[in-house]
Amino acid sequence: MSSASDPPEVPPNGADEGQGAIPHAREGLPSAANQAHLLCSEPRSRSPGHDMDWLVRTIESEIIPRLIAAHQGDPADQRRHDDIDSEQVRAFTDLVLRSESDVCQRYVQGLSEQGVPLTSIYLDLLTPSARRLDAMWVADECDFTQITIALRRMQQIVYNFSPEFRRDSAQWNPDHKRIMLMPVPGSQHTLGILLGSEFFHRAGWHVWGEPTAGHQALIDASRDNWFDMAGISVGSVNQIETLMRFITDLREASRNDHLRIIIGGPLLHHSSGNGLLVNVGADGIAADAAEAVVLANRLINDLQNPLRRPSPT
């Protein structure tokens, strides 16, 4: 009988204000409710005139650009596709369990040729299929070898489509933001790290990833290199204590005194996962790779933009 721990997964070999207030990526999207929360949650200054000046500047620098982005179509909102539903996820999961890699590749290639965007294939097909494999592992419906091979096939699909997915990436720039991506030390959930790497690369981030690195190696990397952001994938409930210690150690070791940390992963999609992740010491929670990019950019922009909060008077 399998435990509820991580299912086995083959590493991708070098892929590149109180309780409940931790932000999610969707809170950064420009819905009316979120804009109202943004404005109302800012602390008020002592001067009404100062308040109005700050409000105008905030609308000009924060609200309007986000509304424009929403009108143009935010990438995180363009990823859904009507053709990918739960039945197709089940069918694809069976395919990667029972068919050779070239068959799986042709299946995904067919979807792409039908006009399904790769973003949707990654987030609406591969990601829920990986979650389904996780559930099958826990329920003893698949053995170690079956899960390992299926996840290897899914990773190979990501590798094969990587050049196409990154085709419209921002040009390389040494000043671009840097992120380190990793699972909780000791975890075997590396497919999410691979997908996260693809999305952050395409968004113009420099990505450092070593999915199989242990606790000390990751701490050393944080100490030896500059990172604006760290992203951690959490696989199961029994990793919470390890995650909390790891986040504390990561912040203490980091060369960046303002390191921002976001978390996500399979645990977020378990019934109790969201509540368990609220108070682990991270700066935000993202449901998938696309939301992670939105959230990371939001956290960095808020950190760099002095107009986000009025200066004391």
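Cavity first. I asked which helix gives the largest share of the lining of the largest cavity. Helix 7 does, with 6 residues. The model is predicted, so I kept to these limits: local features need pLDDT of at least 70, side-chain atom pairs count only at pLDDT 80 or more, and totals for chains, interfaces and linings use all residues. Residues are numbered from 1 along each chain as its sequence is written, and side-chain values use heavy atoms, with hydrogens and water left out.

Helices (H or I, at least four residues) and strands (E, at least two) are DSSP runs, numbered from the N terminus. A cavity is a set of points on a 1 Å grid over the protein atoms alone where a 1.4 Å probe fits but cannot get out; lining residues have an atom within 4 Å of a point.

I read about 520 Å³ for the largest cavity, as the space filled by probe spheres set on the points. Of its 31 lining residues, Gly192, Ile193, Ser233, Gly264 and Gly265 are closest to the centre. Helix 5 (118-138), strand 1, helix 7 (191-202), strand 3, strand 4 and helix 11 each give two or more residues to the lining. I logged the lining as 18 nonpolar, 9 polar and 4 charged, with Gly counted as polar.

I found an open sheet of 5 strands, order 2-1-3-4-5, with parallel pairing (strands pair at two bridges or more by DSSP). The edges are strand 2 (206-209) and strand 5 (284-285). Strand 4 (260-264) joins strand 5 by 2 bridges, and Ile262 stands opposite Gly284.

Then the helices. Helix 11 (289-304) lies across strands 3, 4 and 5, at about 160° to strand 4; contact is heavy atoms within 4.5 Å. Angles run from 0 to 180 degrees between N-to-C directions of axes fitted to C-alpha atoms.

The axes of helix 6 (144-165) and helix 7 come within 10 Å and cross at roughly 5°. That makes the helix 6 direction roughly parallel to helix 7 (under 35 degrees).

Note on methods. On a 1 Å grid over the protein atoms alone, a cavity is a set of points where a 1.4 Å probe fits but cannot get out, and a pocket is an open set with protein on both sides within 12 Å along at least five of seven lines; lining residues have an atom within 4 Å of a point. Angles under 35 degrees count as roughly parallel, over 145 as roughly antiparallel, 65 to 115 as roughly perpendicular and the rest as oblique.
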